[in-house]
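Work through the exercises below with the sequence and the coordinates open. Each task is followed by a solution in steps.

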Amino acid sequence: MRKIFQYSASLVLFALLGACANTDSKPVVAEPTSEEINAILMASFMEKGQAKMDRVIQTELQKACSAAETTPGGLPDAKRTALQDAALAAVKYPADGKYLGDWKAGEKVAQTGVGFQFSDKAGSEAGGNCYACHQLAPQELSYGNIGPSLQQYGKLRGDSEEIMKYTWAKIWNSHAYNACSNMPRFGAEGILTETQLKDVMALLMSPESPVNK
Amino acid sequence: MGDPMKIRAKANGDEVEVKVLMSHEMETGQRKAADGSLVPAWFIQSVTAKCNDKVVLQANWGPAVSKNPFLSFSFKGGKAGDTVDVTWTDNKGDTRTDKTKVA
Amino acid sequence: MRQTTKAAVKFTAAALAGAAAMASFAMNAHAQKTTEQGIQEYRDMLADGNPAELVELRGEDLWTKPQGPKNASLEKCDLGSGPGKLEGAVATLPRFFGDAGKVMDVETRLVHCMVTLQGRDVAEITKKPYSGTGEKPTELESLVAYIYAQSRGAKIKVPQSHPEELASRARGEKIFFYRGGPYDFSCASCHATDDQRIRLQGLPNLTKPEPAQAAFAAWPAYRVSQGAVRSMQWRMYDCFRQQRFPELKYGSQASIDLITYLGVKAEGGTMQATSLKR
Amino acid sequence: MNQNRRTMLKASSGMTVLGLAVAAGLIKPNEVFAAAGYPEKAFNAKSMDELIKALGGNMPTESKDITVVAPDIAENGAVVPVGADSKLAKTTEISLLVSNNPSMMSAQFMIPAGTDAKVNTRVKMGKSSDVYALVKADGKYYFAKKEVKVTLGGCGG
């Protein structure tokens, strides 16, 4: 009974909408322009706490990656190389040449996901939220899979200067190796401090770290 | 006085299954408000369920019971049409009773 | 009559879920359960007894209560299926409304009704749409819980007939892929790949019909972590908070466009809201 | 049907004398102490020793006739479904305990004759912990336990 009623109601509706569409001949919409999208976003958000409206305005990299994700063919190779090279060139390695801090502190950074949200106090220490996307210490069952598993990271790769540098750069600015990576630029954007970055490095590399047990 | 509860009582043979949802904050007394002050404990301390005025369950609760508490239990000797009523009293002395017919 | 049938259906469903939980419990008692199975068991155990029903009761009171300068209730509110007709309505929103000249989602339409029928002020209504920790459900949360409860089981069909509806969907898609903020996140960062999860939470690939159906059908939801009913507008708002964007305005154009994009993708799904989530 | 239910709900809601006294301002809420019979001491107990002392009785022995109904993993510690099912004859009391919570006892149920020795509710867990069902049957205490892991969920913010 209810079904029938619903069915007939939707038929009527369909007819009405059909009539509407007919008066319009062809209801084809133009692809929204980026100006249109920008204007809508600027009108749809308001600043709150530390999150000011400048966050809605895209950087060159954000613009290129957003476009690539909605365009067949994705990011052109030349653009990809340029973005990656620029990211790698701007990586700041530790001033004292020491890559590894305290893995226990690194585990805390990996577990914590706060920071930079409008609900967070401005200037409060942010976390790395590594477990949101990666498997690390085997004891932590609650890990995500957006990024690859990092279990045994150091054990599998060794601790050569090359690996240290690569790992640091990847955390500093993941776009150095993958232009449209989903991973935040923890160093380049100042999300984590140099000390925190070293602690996370230790979590990944140190033989004592549960990641390598 | 709190918000209404949602009570379901269903007979299956001579066994009646009761499920109750209560509307209550169940503050532990350990949560900090935005200004850093402790939010005082506020929780249901006692729950009594009756079927036609006979007590079928009595419970004492601490603040560890979850917000908007859920409770389910079964008793024998009830039938469709009987009245099940549930009363809670919290640590501020507030109380509420709701009832339903066994379906 | 309808209520009785519906209640019975719900009860049976809950009983089945309970039985399923028991069965999986027994079956796995000797085997090592995976984390995913463990989480599923937890969710099944919670399925029976959704506190959202308490909020629906509040919403029903508010729906029928005369309020505002016009001292009117919301019972004549037209959510697109006719004045006062709630059954199935939310499954066909957002849609274009001629009387307002724009595409509206459930919540903007509800606010529109509060303004036009009750004579109330938009700013006052939307000043605090979401309840905080330890607070009672807001008026909007309560009304939304009640409204969605009337469409449980309805098939999702968000219309794409009016040019404005087409335009809204097209903009929604662009916004979905729009990266921004200090973390470079877009909606797509988490919701455009199959079988992904953050921590243990599954992240639906909202660019595909099936996951989109499940997601669209499940909101609003009672979030056990917050002890509150959270609406579709809140879902958008809180995703953007975690994307490190500024605050998404309640009923903003971007929110409507995103919900339209998701709703069109979700066509054919079956409304389950208000569901229960972590 | 719907309307009837609501009317019934409204008509049946009421207040006790104590509630009225609070409402009338005769007693300030923070002066209200536990209602008669509320086992305050048991709810403050931090260990099984303290709890048993407060309840009065023997130290419990483990029993296979008790089942703790709880998930292996909880996605959120704010709401963990827990229950107990006792097959012990003359079960008169079931308490649900979370050993790692600040206070151990979450809930205590008195089971009159005719009511199944089986209850389910939902409790908060601060972290992973053993969940105990403490059962009083024929005047003696017994227990069963199960570990419940509480995981961190969501986007971490």
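**Exercise 1. A serine in chain A**

Task: Is Ser174(A) buried or exposed, and which residues does Ser174(A) touch?

Solution. Step 1: Ser174(A) has a relative accessible area of 0% and is therefore buried; the classes are buried under 20% relative accessible area, exposed over 50%, and partly exposed in between, with a 1.4 Å probe and protein chains only. Step 2: the residue sits in the loop between helix H8 (161-172) and helix H9 (194-205) of chain A. Helices (H or I, at least four residues) and strands (E, at least two) are DSSP runs, numbered from the N terminus. Step 3: leaving out residues up to four places away in sequence, Ser174(A) touches Ala169(A), Ser181(A), Met183(A) and Pro184(A), where contact means heavy atoms within 4.5 Å.

Conventions: this is a predicted model, in which local features need pLDDT of at least 70 and side-chain atom pairs count only at pLDDT 80 or more, while totals for chains, interfaces and linings use all residues. Residues are numbered from 1 along each chain as its sequence is written, chains are lettered from A and ligands numbered from 1 in the order in which they are written, and side-chain values use heavy atoms, without hydrogens and water.

**Exercise 2. The interface of chain C and chain A**

Task: How many residues of chain C are in contact with chain A, and what area do chain C and chain A bury between them?

Solution. Step 1: 50 residues of chain C are in contact with 62 residues of chain A. Step 2: about 5,100 Å² is buried between the two chains, 57% of it on carbon and sulfur atoms. Buried area is the accessible area (1.4 Å probe) that two parts lose on being put together, summed over both. Step 3: of the area that chain C buries against chain A, 17% comes from Tyr178(C), Arg179(C) and Arg199(C), more than from any other three residues.

Task: Which polar links and which elements of chain C take part in the interface with chain A?

Solution. Step 1: there are six salt bridges between chain C and chain A, each a side-chain nitrogen of Lys or Arg within 4 Å of a carboxyl oxygen of Asp or Glu. Lys48(A) forms a salt bridge with Glu247(C), with the closest N and O atoms 3.7 Å apart. H7(C) gives the most, with seven residues. Step 4: this side of chain C divides into 21 nonpolar, 11 polar and 18 charged residues; Ala, Val, Leu, Ile, Met, Phe, Trp, Tyr, Cys and Pro count as nonpolar, Asp, Glu, Lys and Arg as charged, and the others, Gly among them, as polar.

Task: In what sense do strand E1 (residues 45-46) of chain A and E7(C) pair?

Solution. The two strands pair in the antiparallel sense over two bridges, and pairing requires that DSSP finds at least two bridges between the strands. Phe45(A) stands opposite Leu248(C) in E7(C).

**Exercise 3. The interface of chain C and chain B**

Task: Describe the contact of chain C with chain B.

Solution. Step 1: 17 residues of chain C are in contact with 16 residues of chain B. Step 2: the chains bury about 1,500 Å² between them, 56% of it on carbon and sulfur atoms. Step 3: five salt bridges cross the interface of chain C and chain B. In one of these salt bridges, Asp48(C) meets Lys19(B) at 2.6 Å, N to O. Step 4: H1 and helix H3 (52-64) of chain C each supply at least two residues to the side that touches chain B, and H3(C) has the largest share, four residues.

**Exercise 4. Backbone angles**

Task: Where is the peptide bond cis with omega near 5 degrees, and where does Asn52(B) lie?

Solution. Step 1: most residues other than glycine have a negative phi, and most peptide bonds are trans. Step 2: the bond from Leu93(C) to Pro94(C) is cis, with omega near 5 degrees. Trp219(C) and Pro220(C) are also joined by a cis peptide bond, with omega about 5 degrees. Step 3: Asn52(B) has a positive phi, near 45 degrees, and lies in the loop between strand E3 (44-51) and strand E4 (54-61) of chain B. At 43% relative accessibility, Asn52(B) is partly exposed.
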